[in-house]
Amino acid sequence: MATIAVDFDGTIVTHEYPNIGEEIPFATETLRMLIHDHHRLILWSVREGQLLQDAIDWCKERGVEFYAVNKDYPEEEKDKNNHFSRKIKADYFIDDRNIGGLPDWGQIYQIISTRKSYRQILRESMNRLTDQQVPKKKHWWSK
Ligand SMILES: [Mg+2]
């Protein structure tokens with residue numbers, strides 16, 4: 001079971017802050033699968049107040065309920081936590097500002113469920129493409 005911090009704008013939906021953009025393909029389906037697999041999802045967003053609530057509601061309407069929002073635990077209170085750090089403790093961060101960009105949601109699911117690296121997932125899918133689409137030539141001059 002992993003703790004997964006998920007950004008909203010640009011990650012679950014296209015970036016149209018303060019409005020809610022279009023869903024990025026397979027985002028909510030993947031998040032529902034991750035919840036079903038018993039992972040803990042933390043919504044990790046710069047949104048505050050009503051704009052944050054809009055994002056929470058938008059996700060909830062699509063069957064995505066978060067374990068916590070902008071904090072490590074549902075019950076966390078800053079003044080009662082002697083070890084409070086602004087960096088949340090997640091195993092994965094899904095964010096469109098990742099260096100290298102946001103993988104597609106199918107790849108995100110593979111990375112988390114197989115515990116493989118993004119590099120490994122990419123290499124395997126490249127190998128599958130090569131096996132499928134490039135017929136093996138007997139000789140370099142073959143058509
Ligand atoms: Mg973002």
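Modeller: We shall discuss a metal site, a helix and a pocket. This is a predicted model, in which local features need pLDDT of at least 70 and side-chain atom pairs count only at pLDDT 80 or more, while totals for chains, interfaces and linings use all residues. Residues are numbered from 1 along each chain as its sequence is written, and side-chain values use heavy atoms, with hydrogens and water left out.

Colleague: Which residues are the protein donors of the magnesium ion?

Modeller: Donors are N, O and S atoms within 2.8 Å of the metal (3.2 Å for Na, K and Ca); water is not among the atoms, so sites may look incomplete. Here D7 (OD), D9 (O) and D96 (OD) lie 2.1 to 2.2 Å from the ion, with the spacing D-x1-D-x86-D along the chain.

Colleague: Are D7 and D9 buried or exposed?

Modeller: Both D7 and D9 are buried (under 20% relative accessible area, with exposed over 50% and partly exposed in between; 1.4 Å probe, protein chains only).

Colleague: Which residue caps the N-terminal end of α3?

Modeller: Helices are DSSP runs (H or I, at least four residues), as are strands (E, at least two), numbered from the N terminus. D104 is the cap of α3, with a side-chain oxygen 3.0 Å from the backbone nitrogen of G106. Buried residues of α3 include W105, I108 and I112. After α3 comes R115, with a positive phi near 60 degrees.

Colleague: How many residues line the second largest pocket?

Modeller: Rolling a probe the size of a water molecule over the atoms shows where empty space is left. A pocket is an open set of points on a 1 Å grid over the protein atoms alone where a 1.4 Å probe fits, with protein on both sides within 12 Å along at least five of seven lines; lining residues have an atom within 4 Å of a point. This pocket has 14 lining residues, with Y92, F93, N98, P103 and I111 nearest its centre. β4 (92-94) and α3 (105-114) each supply at least two of the lining residues.

Technical notes:
A polar contact is a pair of N or O atoms within 3.5 Å; within protein, one must be able to donate a hydrogen and the other to accept it, and residues adjacent in sequence count only if both atoms are side-chain atoms.
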